[in-house]
Amino acid sequence: MTPTRRRVLIVTYYWPPSSGAGIYRWLMMSKYMASFGWEPVIYTPSNPSVARKDESLLKDVPTDLKVLHRPIFEPLELYARLSSGKNKGTIGAGLLTSQKKASWKVKLLFWIRGNFFIPDPRRFWVRPSVQYLSNYLKKNPVDAMITTGPPHSLHLIGMKLARRTGTKWVADFRDPWTNIDFYHQLNLSKPADRRHRYLERKVLRTADLVTTVSGHWARELKNLGAQKIEVVTNGYDHEEFEGVAANLSEKFSMIHVGSMNGDRNPELLWKGLEKLLANEPALSQQLEIVLIGDVDYRVFESIQIHHLTAFVQHIPYVPHKEIITRLCSSSVLLLPLNNTPNVMGIIPGKLFEYLAAKRPILAI
């Protein structure tokens, strides 16, 4: 007799066709859950504020997967667009800024974000989501639910639903809350900081299980109040690499994939390459530095200071399948980590795809 498959509700802000690092963890988890006896049900916004979309990711969504969509209201996104004018002077996670002149707007937006929208601008999705999911679960019960953050406001959905329905709840922290690298840059008032920390402790102490991506962060979350915690690292999907030919570039190609903000700017690398080019002029015919993703203006400034602009190719967006091909064809994969106090807990999701590509990795 075939055992009954258990059902799990997964509440996530990031879902295809949206693109970005926050997509892959639970997209790939849901892809393989059926093999372990679980039937996932996804709950996600119908209108998320994301910079880019990648339609190719839809192929990884199981055809029989139930996906629930509900609209979300995000006032800070509206304000950012009105202030900057369409996509000019955009801001991203970690205070990544595309234009130097937009710095005062970035500071203002992050001050508003930290002090008025606690824990984040997606907080207005909490109440309607709890109401909608409460009604849904009455007719369609699940055995467990998972909320994944950031945005950490999604954990408030899980906390309220667990209290209403008694459903077992897992709070998944892909990144920390108050220990995230840019938290200190939000210019929080004392009351706002207390509110952030109060909600964080409440989530950690209420969840039946807390999961995170590294042992260091697990210890931090335990110290903050997590009662039961497990490490579930990120990974890679082996199917993505099947049949990918490693056609190495004719040039000495150094590739970085993902956002590169000011804290992740590898100054020593640029300085070292400048000296190497001065001592080995022939390298100038071979060197190629490819930055795929959003790049902070401070990184470009450093590159210019060290006379490397001519060797840099910036590609703001590449579909995920093409990224895999580029990884497998590179000479060296760049992995600079944030120069921030919580660096010991950072294990980037891209590391696992770097490993799967089987190319040399330069980690800084």
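This is a guided tour of a predicted model, going from the whole chain to single residues that can be selected one after another.

**Before selecting anything**

Residue numbers start from 1 along each chain as its sequence is written, and in this predicted model local features need pLDDT of at least 70, while side-chain atom pairs count only at pLDDT 80 or more and totals for chains, interfaces and linings use all residues. Side-chain values use heavy atoms, with hydrogens and water left out.

**The whole chain**

Show the protein chain as a cartoon, and you will find 12 helices and 14 strands, where helices (H or I, at least four residues) and strands (E, at least two) are DSSP runs numbered from the N terminus. The C-alpha atoms fill a box of roughly 70 × 55 × 40 Å along the principal axes. The radius of gyration of the chain is 21 Å, which agrees with the value near 21 Å that a compact globule of 364 residues would have; the radius is taken over C-alpha atoms, and the globule rule is 2.2 Å times the number of residues to the power 0.38.

Colouring by accessibility would show that buried residues make up 50% of the 364 residues, with buried meaning under 20% relative accessible area, exposed over 50%, and partly exposed in between (1.4 Å probe, protein chains only). Of the contacts with a separation of 6 or more, 76% are between residues 24 or more positions apart, a contact being heavy atoms within 4.5 Å.

**First stop: helix H1 and its partners**

Select arginine 25 and aspartate 172, whose side chains meet in a salt bridge of 2.9 Å, N to O; a salt bridge here is a side-chain nitrogen of Lys or Arg within 4 Å of a carboxyl oxygen of Asp or Glu. Arginine 25 lies in helix H1 (residues 24-32) and aspartate 172 in strand E7 (residues 168-173), so this pair ties together parts that are 147 residues apart in sequence. Both arginine 25 and aspartate 172 are buried.

Because aspartate 60 lies in the loop between strand E2 (38-45) and strand E3 (66-70) while lysine 31 is in helix H1, the pair ties together parts that are 29 residues apart in sequence. Aspartate 60 counts as buried, at 3% relative accessibility.

**Second stop: helix H6**

Move to helix H6 (residues 190-206), where arginine 197 and aspartate 193 lie four residues apart, about one turn of the helix. The closest N and O atoms of their salt bridge are 3.0 Å apart. Arginine 197 counts as partly exposed at 29% relative accessibility, and aspartate 193 is also partly exposed, at 22%.

The search of the whole structure finds 13 salt bridges.

What surrounds lysine 350, not counting residues up to four places away in sequence? Lysine 350, in helix H12 (residues 349-357), touches His256, Val257, Gly258, Arg264 and Leu335. Lysine 350 is buried yet has no salt bridge, and the nearest side chain of opposite charge, glutamate 353, is 9.3 Å away; for charge, Lys and Arg count as positive and Asp and Glu as negative, while His and the chain ends are not counted.

**Last stop: the backbone**

Most residues other than glycine have a negative phi, and most peptide bonds are trans. Select proline 16 and proline 17, joined by a cis peptide bond with omega about 10°; proline 17 is in the loop between strand E1 (6-11) and H1. A cis peptide bond also joins proline 150 and proline 151, with omega about -5°, and proline 151 sits in the loop between strand E6 (144-149) and helix H5 (153-165).

Then select asparagine 187, in the loop between E7 and H6, where phi is near 55°, a positive value in a residue other than glycine. Asparagine 187 is partly exposed, with a relative accessible area of 46%. Finish at lysine 358, in the loop between H12 and strand E14 (361-363), where phi is positive and near 60°; at 71% relative accessibility, lysine 358 counts as exposed.
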